[in-house]
Amino acid sequence: MDIEVDHYAVLDLPSGEEGAKLSEKDISKAYKKKALELHPDKRPDDPNAHLNFQKLKTSYEVLKDEKARKLFDDLLRVKREKIQRQSQQDSKRRKMMSDLDARERAAFAPDASVLARQEEERIARKLKEEIARIRAMHSNKVPTATDPSQKERHAKAKASTEGKGSSVDKEKVLKVSWEKIGEDYTAQRLRELFSEFGEVEDVVIKSSKKKGSALVVMSSKDAAKAVCGNVLGDLSNPLLIVPLQPTVQPTMAAPFFNAEKDREPEGPSLSNLVGAGYQKFEDLVLEKMRKAAQRKK
């Protein structure tokens with residue numbers, strides 16, 4: 001007898017706890033009904049009819065015997081309990097695996113406080129860069145755009161240099177220039193440097209991104225001449241100082257004049273220090289001053 005056969009199912013009866021409650025009369029009634037259906041005389045063309053009818057009789061004999069039926073009911077109960085335990089274990093195992101996965105994800109997930117701190121540091125760094133950019137942009141702008149007094153002094157100096165009726169003597173006006181390679185010069189700084197050789201009447205600065213320049217009006221011609229030979233400025237960023245209108249030299253004697261003419265000039269004369277000639281002389285002197293500063297270091 002195959003112990004895996006559900007004898008209740010063979011008789012088309014409910015199995016499990018419901019089958020254990022069936023009476024002997026219910027089992028006999030179900031057997032007679034099924035026997036009429038599976039009798040070999042009713043199935044002459046079925047080669048398995050005799051075998052199926054024998055299985056039906058065997059299941060009926062098991063269920064009809066009180067002791068055999070009780071053992072069979074116990075076997076079904078044990079199987080049900082086994083399946084239930086396996087189901088519970090599978091459920092616990094799935095829950096345990098799910099909890100383990102959740103703990104692993106939580107262990108490897110980045111800390112929310114760390115992410116917030118990193119985001120704060122990133123934003124603060126970007127803000128610092130923007131502030132530095134804005135400061136650099138404003139430091140390169142000409143400061144005379146919104147300063148009425150500076151604008152007025154600039155217009156006054158420009159009018160005086162162009163000879164539009166001003167009483168300022170051009171021989172007292174000095175043209176100052178410097179490169180934007182070191183400490184920048186302000187009007188106050190230039191006034192302090194030049195005031196050692198005489199009173200400074202006015203200072204007008206006009207700067208660009210690469211080069212700074214200014215017009216300095218001294219109180220006298222002697223003070224302007226003294227500044228030209230003595231004021232150098234900072235070694236890291238030297239000043240180039242030339243008079244706006246060089247003093248006209250007296251006429252030389254003919255032999256001496258010819259000798260001076262035959263001598264090879266060492267650089268541009270002050271009388272040519274206007275326009276392109278002044279720019280060339282200015283660049284030459286600045287280059288020599290930078291080399292001298294580098295040798296002293």
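**Exercises on helix packing**

Residues Glu24, Ile27, Ser28, Tyr31, Lys34, Ala35 and Leu38 of H3 meet Ala49, Asn52, Phe53, Leu56, Lys57, Tyr60, Leu63 and Lys64 of H4, where contact means heavy atoms within 4.5 Å. This is a predicted model, in which local features need pLDDT of at least 70, side-chain atom pairs count only at pLDDT 80 or more, and totals for chains, interfaces and linings use all residues. Residues are numbered from 1 along each chain as its sequence is written, and side-chain values use heavy atoms, with hydrogens and water left out.

**Exercise 1.** Determine how H3 and H4 are oriented to each other.

*Solution.* Step 1: the axes (lines fitted to C-alpha atoms, for helices over the stretch in contact, with angles from 0 to 180 degrees between N-to-C directions) of H3 (residues 24-38) and H4 come within 10 Å and cross at roughly 175 degrees. Step 2: angles under 35 degrees count as roughly parallel, over 145 as roughly antiparallel, 65 to 115 as roughly perpendicular and the rest as oblique. Step 3: H3 and H4 are therefore roughly antiparallel to each other.

**Exercise 2.** Describe the crossing of H4 and H5 and name the residues that meet.

*Solution.* Step 1: the axes of H4 (residues 49-64) and H5 (residues 66-108) cross at roughly 95 degrees and come within 5 Å. Step 2: H4 is therefore roughly perpendicular to H5. Step 3: on the H4 side, Val62, Leu63 and Lys64 meet Glu66, Ala68, Arg69 and Phe72 of H5.

**Exercise 3.** State what percentage of the protein's residues is buried.

*Solution.* Step 1: buried means under 20% relative accessible area (1.4 Å probe, protein chains only), exposed over 50%, and partly exposed in between. Step 2: of the 297 residues in the protein, 25% are buried.

Notes: Helices (H or I, at least four residues) and strands (E, at least two) are DSSP runs, numbered from the N terminus.
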